[in-house]
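The following note sets out several points for a colleague reading this entry. Please consult the sequence and coordinates alongside it.

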Amino acid sequence: MPRQPIIHTVPQPLEPLNIEEVRFWLDIMQEHALFIKMGLPCDRTDLINEAQNFIREFDTLGNRAERVQNEKKFKELVSDAYDVVCEFHRFKRHLLRLKLTCKLAGSIFPIQYDHLAREAEYVMRLFDKMRTGRPGLKAAAKTQETSFWVRIMGEHAALMSHLIDPSERSLVSTAREFSEDFDALLLQSNDFASMLSHNENDVPSFRRFLQDVHTSTRQLRDFKRAVQEMIAQCKLVGLIPEMLADHVRREAEHFLMILAMMEKGIITCVTATEPECEVVEAIEDMEEEICSDPVIECGETVEDCEDHDEEACYEEEDCEEPQANFNIYKSPAVNMDDIEDIEGIEDDIDDDCNSPEPHKTAPVKQKPPKYKWGGKWPRPLGK
Ligand SMILES: [Fe+2]
Ligand SMILES: [Fe+2]
């Protein structure tokens with residue numbers, strides 16, 4: 001039976017960077033698992049345990065990433081990480097289906113599950129590039145990449161507007177304004193994706209649009225950082241954990257880095273040049289690997305699971321790994337001081353870009369050096 005083509009919800013990611021990129025995304029994935037665990041209803045111990053298993057798995061991968069010193073180990077790590085992210089993506093989609101069919105309570109919005117799943121899909125595609133060594137820049141597409149991230153930023157703002165206490169009218173209003181700003185930017189980004197769909201070269205209006213996005217993202221990043229600081233100092237009431245504020249801030253930093261790559265001209269393609277069928281084949285290969293579940297036959301997409309019973313469709317693995325020491329507070333993987341080194345954007349970056357002090361009572365996990373922007377991009381592994 002012929003396979004149905006897969007409709008992608010995220011763009012082909014940009015050029016795989018280096019081990020720091022892997023560490024950044026492993027941290028992000030691990031935190032997603034923790035958010036899910038915290039947001040699940042207490043009576044769903046099966047799902048909570050599954051989320052905990054992912055926390056451990058990403059912790060183990062993160063520890064391996066700290067020790068990678070050669071290309072071979074790097075590729076092994078990425079390959080293993082890819083497998084775990086595929087499973088994690090499947091888990092998130094499963095939770096979303098439960099949510100949408102009113103079979104799951106808890107404090108996570110459906111769009112949050114969708115958001116988390118899209119980010120996992122992005123990471124899947126990124127790690128797939130890394131492990132197969134396929135060139136990234138040829139397939140990089142400024143318009144799609146911009147739309148992906150602008151949507152992510154807008155959803156962060158919308159989520160914050162819902163999780164800040166209603167009594168904080170000014171802050172809620174500010175978050176809502178950011179949400180509306182990014183909604184408009186997303187529409188414009190999608191328009192550019194359409195208008196430039198047959199263009200190979202950049203146009204001035206799109207470059208100006210990227211500057212607008214850069215400005216809004218920088219402002220949103222600053223807002224997130226301010227919220228994070230207020231939460232840490234117990235000066236803001238609401239339901240946002242400090243770790244979530246830190247998480248979304250670091251994703252904004254990451255998007256700023258990607259925007260800097262676009263503005264710097266490191267990424268030149270305006271739209272994807274890679275034939276879509278190649279991508280579909282790659283994803284189909286992923287699906288075959290994912291479909292180890294006996295209920296899901298290989299050849300079916302994850303979406304095909306909707307035809308099956310929801311609970312039967314996702315089977316958990318019994319994981320008995322030892323309890324990991326999970327420190328919830330992370331240093332940023334991308335430091336804006338490093339980005340300042342890029343010509344042309346120095347003036348855009350604020351001086352006060354140091355990450356805020358973590359909460360006094362929380363454990364702090366020291367991270368290794370951050371991105372280095374001095375030489376050729378992307379720099380060779382380990383250099
Ligand atoms: Fe995230
Ligand atoms: Fe996010």
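1. Of the 383 residues in the protein chain, 43% are classed as buried. The model is a predicted one, and every value in this note is to be read accordingly.

2. Overall make-up. The protein chain contains 11 helices and 2 strands. Along the sequence, their order is α-α-α-α-α-α-α-α-α-α-β-α-β. Among contacts in the protein chain with a separation of 6 or more, 78% join residues 24 or more positions apart.

3. The nonpolar core. The largest nonpolar core comprises 75 residues, and M29, A81, V85, V123, F127 and M153 touch the most other members. Helices α1 (19–39), α2 (45–67), α3 (71–100), α4 (110–132), α5, α6 (169–195), α7 (204–232) and α8 each contribute at least two residues to this core. The greatest contribution comes from α8, with 13 residues. Because domain 1 (15–136 + 275–325) and domain 2 (140–273 + 327–357) both supply residues, this core lies between them. As a general matter, nonpolar side chains in soluble globular proteins tend to be buried together.

4. Contacts of F127. Which residues does F127 contact, leaving aside its neighbours within four places in sequence? They are V78, A81, Y82 and V85. Of these partners, A81 and V85 are also listed with F127 among the core residues that touch the most other members.

5. Helix α5. This helix covers residues 142–163; at 1.5 Å a residue its 22 residues should span 32 Å, and the end C-alpha atoms are 31 Å apart, which agrees. In α5, 19 of the 22 residues are buried, so the helix is largely enclosed by the rest of the structure.

6. Helix α7 and the residue that follows. Just after α7, C234 adopts a positive phi of about 60°.

7. The surroundings of A245. Not counting residues up to four places away in sequence, A245 touches K224, V227, Q228, I231 and I240. One of these, V227, is 18 residues from A245 along the chain, yet their C-alpha atoms are separated by 6.9 Å.

Methods:
Residues are numbered from 1 along each chain as its sequence is written. Chains are lettered from A and ligands numbered from 1 in the order in which they are written. This is a predicted model: local features need pLDDT of at least 70, side-chain atom pairs count only at pLDDT 80 or more; totals for chains, interfaces and linings use all residues. Two residues are in contact if their C-beta atoms, placed from the backbone, lie within 7 Å. Helices (H or I, at least four residues) and strands (E, at least two) are DSSP runs, numbered from the N terminus. The expected span of a helix is 1.5 Å times one less than its number of residues. A residue is buried if 20 or more other C-beta atoms lie within 10 Å of its own, exposed if 12 or fewer, and partly exposed in between; C-beta atoms are placed from the backbone. A nonpolar core is a set of buried Ala, Val, Leu, Ile, Met, Phe, Trp, Tyr and Cys residues joined through C-beta atoms within 7 Å. Domain bounds come from an automatic or database domain assignment.
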